[in-house]
Amino acid sequence: MKTILVIDMLNDFTNQEKGTLYIPDSEKLIPVINRLITANPAVPVIFANDAHTENDIEFKDYPPHAVAGTWGSLLNPAITPPPQGRFLHKKTLDCFFNTGLLEYLQPLSTCDLYITGVVTEICVRIAALKSLKAGLKDVKVVLDACQGLNLKVGDTSRAILEMLHGGVKLISADEAYTELTGERQRPS
Ligand SMILES: [Zn+2]
């Protein structure tokens, strides 16, 4: 079963003017992600979104962002969630921590996960490596549907190598689109 994971495509990360933790160029992912999530209504789409408390411990390392209930925590309105879209809220950098994601992806041994969103070397990397550890069949990071931050030069490249060595498959959005459109609805 193919499933798409969209990580943190929220106003605070993707709005250059008003986002409090804007990831440069992340808005360019929007059409790429929209194409993938609407490619096939039989493919579930999970949005894993930061939803922090006001004094979240994460704000020691990053500027405050995506406080639950604020504009910044909302999905960028240019993203069109498909009818089968589902929203999970996370409080840490780990999409699996207290979010219900693992339960949702069952049975793991037949689950192919397509990961998109921000930030390549942070939440995307953690989600990809944890997915493999959890026992998913295939974990694919859609490279041109993800954006890195490169706070230190080379951060994104190092993360890509780490994922590759860890067994994550790296694919393009065109390859993902072809695979996703080929997924048939399960017989009911
Ligand atoms: Zn956060």
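## Contacts of Ile115

Ile115 touches Leu5, Ile7, Val124, Ala127, Ala128, Lys140, Val141 and Val142, leaving aside residues up to four places away in sequence; contact here means C-beta atoms, placed from the backbone, within 7 Å. The model is predicted, with local features requiring pLDDT of at least 70 and side-chain atom pairs counted only at pLDDT 80 or more, while totals for chains, interfaces and linings use all residues. Residues are numbered from 1 along each chain as its sequence is written.

## Nonpolar core

Ile115 is among the residues with the most contacts inside the largest nonpolar core, together with Leu5, Ile7, Leu36 and Val142. This core has 49 residues. A nonpolar core is a set of buried Ala, Val, Leu, Ile, Met, Phe, Trp, Tyr and Cys residues joined through C-beta atoms within 7 Å. Buried means 20 or more other C-beta atoms within 10 Å of the residue's own, exposed means 12 or fewer, and partly exposed lies in between.

The elements giving two or more residues to this core include strand S1 (2–7), strand S4 (112–118), helix H4 (120–134) and strand S5 (138–147). S5 gives the most, with 6 residues. Helices (H or I, at least four residues) and strands (E, at least two) are DSSP runs, numbered from the N terminus.

## Sheet

An open sheet is formed by 6 strands in the order S3-S2-S1-S4-S5-S6, with parallel pairing; strands pair if DSSP finds at least two bridges between them. Strand S3 (85–90) and strand S6 (169–171) are the edge strands, each pairing on one side only. From one strand to the next, the twist averages 25°.

S2 has 6 of its 6 residues buried. Val45, Phe47 and Asn49 lie on one side of S2, and Ile46, Ala48 and Asp50 on the other. S2 is joined to S3 by 6 bridges, and Asn49 stands opposite His89 in S3. S1 and S2 pair over 4 bridges, with Val6 opposite Phe47 in S2. S5 and S6 are joined by 3 bridges; Val141 has Leu170 in S6 as its bridge partner.

## Helix packing

H4 lies across S1, S4 and S5, and runs at about 170° to S5. Axes are lines fitted to C-alpha atoms, for helices over the stretch in contact, and angles run from 0 to 180 degrees between N-to-C directions.

H4 and H5 pack at about 5°, their axes 10 Å apart. H4 is therefore roughly parallel to H5, a term for angles under 35 degrees.

Key
Contact = placed C-beta atoms within 7 Å. Parallel < 35°, antiparallel > 145°, perpendicular 65-115°, else oblique.
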